[in-house]
Amino acid sequence: MPGGFPEFRLGAVLATSFTGTLSERYGEPVERIPTPRRLVDWLAVNGLAVDSCTAAQLERARELRESIHATATAAALHEALPAAAVGVINDCSSNGRAAAILTTEGSRHWRLGSASGVDDALGVIAADAIEIIAGDRDGRLALCASPTCRAAFFDTSRSRTRRWCDMNTCGNRQKKARFAAKRRPVSPVAR
Ligand SMILES: [Zn+2]
C-alpha cells in the first residue's frame, strides 16, 4: 500500500479500470481513490495527467464511476439502462474538452485543458464507457464471477469466456478457495 492507500489495479480498458478503483462492492469495499491526490495519481497512471483536483471534482468522479458501474452492469445483464446513470455519463462526456493528439510516433495522447483538467479527463473516461456499453468495440461486457465483487469488465479474450474482472485478485482467490476445498478432509457422516 503506497502511502497507506490501496494500490491501483491496472487494466487495458480505461472505463472499467476506472470502475475498478472501487472493488469488493458486495463484500468489504476497497476504495482506491479515497482522496483528491489519489485520483490525480490514478489519472496520471492512465495517461490523463492533471495538475490538481478538488474535493468536489473527486465527488463528481466517483459519481461518474458508480454511474458507469450501474450502466455497464445493466448492459452485461441485457437489462434496461438506468436513466439517471446514463445522464451522468452523458453530462461528463459533453462537459469534457479533451483533444486527441497524434504523436509522430503514431500513438494517441490526450491533451487536457490546464483549468479544466479533471473535467476533461472524466470526459475521456465517459466517452470510453459509452464506446464499450454501446458495443462499438470488439469485446463483451461481463460481470466478475466473484460474489463479493461482481464488477463489470470488458472481455476481449478470443473465446469470450473470461470469468473474473482481474486474474491477480478475484481469479486467484477463487482458485485458492477451490484448492483449499479439495484438500479439506471429508467431514464424518452424521449418524
Ligand atoms: Zn472481480
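Reader: Hi! Quick one before we start: what are helix axes here, and over what range do the angles run?

Author: Axes are lines fitted to C-alpha atoms, taken for helices over the stretch in contact, and the angles between N-to-C directions run from 0 to 180 degrees. Please keep in mind that this is a predicted model.

Reader: Great. So how do the axes of helix 3 and helix 5 cross, and within what distance do they come?

Author: They cross at roughly 0° and come within 11 Å. Angles under 35 degrees count as roughly parallel, so helix 3 and helix 5 are roughly parallel to each other. On the helix 3 side, the contact includes Gln-57, Arg-60, Ala-61 and Leu-64, and on the helix 5 side Val-118, Leu-122 and Ile-125 are among the partners.

Reader: Which classes of residue make up that contact?

Author: There are 11 nonpolar residues, two polar and one charged in the contact of helix 3 with helix 5.

Reader: And helix 5 itself, how many of its residues are buried?

Author: Of its 17 residues, 13 are buried, so helix 5 is largely enclosed by the rest of the structure. Helix 5 covers residues 117–133 and reaches 24 Å from its first C-alpha to its last, close to the 24 Å expected at 1.5 Å a residue. Just after helix 5 comes Gly-135, with a positive phi of about 80°.

Reader: Back to helix 3. What does it reach from its first C-alpha to its last?

Author: Helix 3, residues 55–76, has 22 residues and reaches 31 Å, close to the 32 Å expected. Its buried residues include Leu-64, Ile-68 and Ala-72, and also Arg-65 and His-69. After helix 3 comes His-78, where phi is positive, near 55°.

Reader: Nice. At what angle does helix 3 cross helix 4?

Author: Roughly 125°, and the axes come within 8 Å. Helix 3 and helix 4 are therefore oblique to each other, and the crossing is left-handed.

Reader: Changing topic: what covers the buried residues of helix 2?

Author: The cover includes helix 3 and helix 5. In helix 2, residues 36–45, the buried ones are Arg-38, Leu-39, Val-40, Trp-42 and Leu-43. Gly-47 follows helix 2, with a positive phi near 75°.

Reader: Is Val-45 buried or exposed?

Author: Val-45 lies in helix 2. A residue with 12 or fewer other C-beta atoms within 10 Å counts as exposed, and Val-45 has 12, so it is exposed. Leaving out residues up to four places away in sequence, Val-45 touches Phe-8 and Leu-10.

Reader: How far apart are Val-45 and His-78?

Author: They are 33 residues apart in sequence and 32 Å apart in space, C-alpha to C-alpha.

Reader: Last one, for the big picture: how many helices and strands does the protein chain have?

Author: Six helices and six strands, running α-β-β-α-α-α-β-β-α-β-β-α from the N terminus on. The C-alpha trace spans about 75 × 40 × 40 Å along its principal axes. Buried residues make up 31% of the 191 residues.

Conventions
Residues numbered from 1 in each chain as written. Predicted model: local features only at pLDDT ≥ 70, side-chain atom pairs only at ≥ 80, totals over all residues. Helix = DSSP H or I, 4+ residues; strand = E, 2+ residues; numbered from the N terminus. Buried ≥ 20, exposed ≤ 12 C-beta atoms within 10 Å, placed from the backbone. Expected span 1.5 Å × (residues − 1). Parallel < 35°, antiparallel > 145°, perpendicular 65-115°, else oblique. Left-handed = near helix turned anticlockwise from the far one by under 90°. Contact = placed C-beta atoms within 7 Å. Nonpolar A, V, L, I, M, F, W, Y, C, P; charged D, E, K, R; others polar.
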